[in-house]
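Work through these exercises with the model open beside you. Each task is followed by a stepwise solution.

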Amino acid sequence: MKKVCWPYFDPEFDNLPERIYGPPCRVCIDNESMEDCTVIKVDSVNKQGILLEVVQVLTNMNLTILKSYISSDAGWFMDVFHVKDEHGNKLKDQNVINYIQQAIGTVRESENTVKAKACSNDVFNSEQPSEHTAIEMSGTDRPGLFSEISAALADLHCNVVEAHAWSHNARLACVAYISDQSTDTPIYDPHRLATIEDHLTTVLRATTTPIQSGFDTTSPQEVKTAEFVEGTNMADVERRLHQLMLSVGDFDGPPFEPVSTSSPPPGSDGDEEGRKTVVSIENCHEKWYSIVSIECKDRPRLMFDTVCTLIDMEYVIFHASITSREGRSFQEYFIRHVDGYALSTEGEKDRVIKCLEAAIERRVCEGVRVELSAENRVGLLSDITRLLRENGLTVVRADVETQGEKAVNAFYVRDISGNEVDVDMDFVESVKKEMDVIDLEVKNDTIRRPRASSSSSPRPSDGLFSLGDVLKSQIERFSHNFIPIR
């Protein structure tokens, strides 16, 4: 009988990188090297997306990344982060340090936590049941659309447990978690889910013609129900919002230019130049990299937004340098497409530039932030958003959550022309004192600039609106209609 010889393969061959470099992931947290920040060093066997996973861990902890140096050529990933906590201090809490080490140490073993059709309700560590039905919506935005979506869900007997919505360049992306109104349980019936999808799709497609509305109706309108994915977090939901906005082409901009609160009027002494975002791309032919350079106003979660966008556009980050000073952020990424090639055409470069600019802009909402805390009840979100819409205000960003028996809602609002909203702070204080059901707080994040006119009296064209007049007449109705959710 003829012998057959097979080549020998060492069973430990797959573990060769670990035997050469050490454990699959080492995390060192250093509080001694720098006086004003904590240094986090990560050494790990490389894999696609590991940088984003590490940044997600730091983002989930609300850490501010001051500097970062990244290198992931060959089979090894090395990264250094200079971070502070949300209060601007070093990381002193040993529990926080242990959590970061454990979380980063396990990212290599985990699969990609964000699936194409799934998100999570475990964003605010709420005390609600661990399962809800997730709904994703994306399409053309218009004034009052978020209010219409909230009303539609109320009409469909759905309780909104949590929702997050972004609008940018006349596009909307929303991720909502709902339960059955009567049982407060997830909705599994496929016929009912199909009805919900059809109803919400009709709402999204109800935009009038472009000539009448000024909004682009060519972007795809999409509504999907999704499975709940336990254990995901705010960074996962925000990544999904980035993906949804990218899918409806918010980087192309609206077919008209709305009035912007971030641009000073002609003749004012605004600091527009200091707020400008600049993205450029050039090729490094020696190593076949494309070098992406970004300069913009610094803010929390900025690195997450840019890294997330590059990864979702299927680019691999080999090296990077991030630093911030005097309120400005400077980022440089050495990238290639997943096929191993640098950006080859001007069209591809232009698309990456536009997508990065959109990723930086879409989270930023300057203006009036309205925070409402109330005893939760069916239809509360619909009532609040309808009230704003009926009085000429539109929601440009929303974060809605349920904490125990309370509903906590945060909205960025402006009028339908995109102008600033004037707020009567005396009225806000009176609401806090007189009303037991709703706790109201208004924060104005707009940087006020001098107007071109020297007149002290407001002009109708200024588009200013009093939030006090909006809510004053409705306080009693909210109080009388309160029905607790069981």
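**Exercise 1.** Is the crossing of α4 and α5 right-handed or left-handed? Work out the geometry and the contact as well.

Solution. The model is predicted.

Step 1. Take the axes of α4 and helix α5 (residues 190-204): they come within 10 Å. They cross at roughly 155°.

Step 2. Classify the angle. Angles over 145 degrees count as roughly antiparallel. Therefore α4 and α5 are roughly antiparallel to each other.

Step 3. Assign the hand. The crossing of α4 and α5 is right-handed.

Step 4. List the contact. From α4 come L145, E148, I149, A152 and L153. From α5 come I196, H199, L200, V203 and L204.

Step 5. Sort the contact of α4 with α5 by class. There are eight nonpolar residues, one polar and one charged.

**Exercise 2.** At what angle do helix α9 and helix α10 pack, and which residues make the contact?

Solution. 

Step 1. Locate the helices. α9 spans residues 302-312, and α10 spans residues 346-362.

Step 2. Read the geometry. The packing angle of α9 and α10 is about 145°, and their axes are 9 Å apart.

Step 3. Assign the hand. The crossing of α9 and α10 is right-handed.

Step 4. List the contact. α9 brings L302, D305, T306, T309 and L310. α10 brings V352, C355, L356, A359 and I360.

Step 5. Sort by class. The contact of α9 with α10 has seven nonpolar, two polar and one charged residues.

**Exercise 3.** Describe how helix α7 packs on α10.

Solution. 

Step 1. Helix α7 covers residues 234-247. The axes of α7 and α10 are 11 Å apart, at an angle of about 130°.

Step 2. That angle makes α7 oblique to α10.

Step 3. The crossing of α7 with α10 is right-handed.

Step 4. On the α7 side, the residues are H242, M245 and L246. They meet C355, A359 and R362 of α10.

Step 5. By class, this contact of α7 with α10 has four nonpolar, one polar and one charged residues.

**Exercise 4.** How many cavities of 30 Å³ or more are there, and what lines the largest cavity?

Solution. 

Step 1. Count. There are five cavities of 30 Å³ or more.

Step 2. Size the largest cavity. Its volume is about 140 Å³.

Step 3. Find the lining. The largest cavity is lined by 18 residues. Nearest its centre lie N159, V160, G379, L380 and L381.

Step 4. At least two residues each come from α4 (145-155), β6 (158-168), α11 (380-390), β14 (393-403) and β15 (406-415).

Step 5. Sort the lining of the largest cavity by class. It has nine nonpolar, seven polar and two charged residues.

Terms used:
Residues are numbered from 1 along each chain as its sequence is written. This is a predicted model: local features need pLDDT of at least 70, side-chain atom pairs count only at pLDDT 80 or more; totals for chains, interfaces and linings use all residues. Side-chain values use heavy atoms; hydrogens and water are left out. On a 1 Å grid over the protein atoms alone, a cavity is a set of points where a 1.4 Å probe fits but cannot get out, and a pocket is an open set with protein on both sides within 12 Å along at least five of seven lines; lining residues have an atom within 4 Å of a point. Grid points are joined across faces, edges and corners, and a volume is the space filled by probe spheres set on the points. Helices (H or I, at least four residues) and strands (E, at least two) are DSSP runs, numbered from the N terminus. Ala, Val, Leu, Ile, Met, Phe, Trp, Tyr, Cys and Pro count as nonpolar, Asp, Glu, Lys and Arg as charged, and the others, Gly among them, as polar. Axes are lines fitted to C-alpha atoms, for helices over the stretch in contact, and angles run from 0 to 180 degrees between N-to-C directions. Angles under 35 degrees count as roughly parallel, over 145 as roughly antiparallel, 65 to 115 as roughly perpendicular and the rest as oblique. A crossing is left-handed if the near helix is turned anticlockwise from the far one by less than a right angle, and right-handed if clockwise. Contact means heavy atoms within 4.5 Å.
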